[in-house]
Amino acid sequence: MSVLSESLREKIRALFPNYPNKRAVTLPALHLVHDEMRQVSIEAIREIGQLLELHPSEVHDTMTFYNFFKDEKHPLGKHRVWVCRSIACALRGGEELLAHACEKLHVGPGETTKDGRITLEFAECLGACEGAPCVLVDDNCHMNLTPESFDELSKTL
Ligand code: FES
């Protein structure tokens, strides 16, 4: 039985006309699978390889190169929270904010809370330095955070 749903397969196939060849769809396909399944399992890698006519090791190489995708041993939580630690944020309390988030959520960077609600990550510059320190929650950037406002934000997730 396939781990990729037919609708997910169709979304991947729908990308083909936008790229010069199937190999070039590797990264967008990984994103589609990762977003929907919150992980990319070994079986998903095999099936992506079949769709793209690539050896699974080629898909795996791309996946692991970026250190962004989670595997089945470390699936993503419902929300992914990135705390910026680059210079502008670091100068305005980003490191302390990350330490606070780790303590509050009882996880280290790259880990997911026991209830599967939040995966905490550190990020390099999020491109919103004017609002340092900032945190990206899924696709939304939150600026000028304090430990207190981080706590309020995390309660909404
Ligand atoms: S340094 Fe944090 S957003 Fe740029």
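How much space lies in the largest pocket?

1. The largest pocket holds about 290 Å³ of space. A pocket here is an open set of points on a 1 Å grid over the protein atoms alone, with protein on both sides within 12 Å along at least five of seven lines, and lining residues have an atom within 4 Å of a point. The volume is the space filled by probe spheres set on the points.

2. This is a predicted model, in which local features need pLDDT of at least 70 and side-chain atom pairs count only at pLDDT 80 or more, while totals for chains, interfaces and linings use all residues. Residues are numbered from 1 along each chain as its sequence is written, and side-chain values use heavy atoms, without hydrogens and water.

3. The largest pocket is lined by 13 residues, of which Asn67, Phe68, Phe69, Lys70 and Arg80 are the closest to its centre. Helix H4 (56-65) and strand E1 (79-84) each contribute at least two lining residues. The lining comprises 5 nonpolar, 4 polar and 4 charged residues. In this classification Ala, Val, Leu, Ile, Met, Phe, Trp, Tyr, Cys and Pro are nonpolar, Asp, Glu, Lys and Arg are charged, and the others, Gly among them, are polar.

4. The second largest pocket contains about 220 Å³ of space. Its lining includes His31, His34, Asp35 and Arg38, together with Phe68 and Arg80. Helix H2 (26-37) gives the most to this lining, with 3 residues. By class, the lining has 4 nonpolar, 2 polar and 5 charged residues.

5. Helix H3 (residues 42-52) and H4 cross at roughly 115°, and their axes come within 8 Å. H3 and H4 are therefore roughly perpendicular to each other (65 to 115 degrees). The contact (heavy atoms within 4.5 Å) is made by Ile45, Arg46, Ile48 and Gly49 of H3 and by Pro56, Val59, His60 and Met63 of H4. These residues divide into 5 nonpolar, 2 polar and 1 charged.

6. Helix H6 (residues 94-105) and helix H7 (residues 147-155) pack at an angle of about 45°, with axes 10 Å apart. On the H6 side the contact involves Leu97, His100, Ala101, Lys104 and Leu105, and on the H7 side Pro147, Phe150 and Asp151. By class, this contact has 5 nonpolar, 1 polar and 2 charged residues.

How values were computed:
Axes fitted to C-alpha atoms, helices over the stretch in contact; angles between N-to-C directions. Helix = DSSP H or I, 4+ residues; strand = E, 2+ residues; numbered from the N terminus. 1 Å grid on protein atoms, 1.4 Å probe; cavity = no way out; pocket = protein on both sides within 12 Å on 5 of 7 lines; lining within 4 Å. Parallel < 35°, antiparallel > 145°, perpendicular 65-115°, else oblique.
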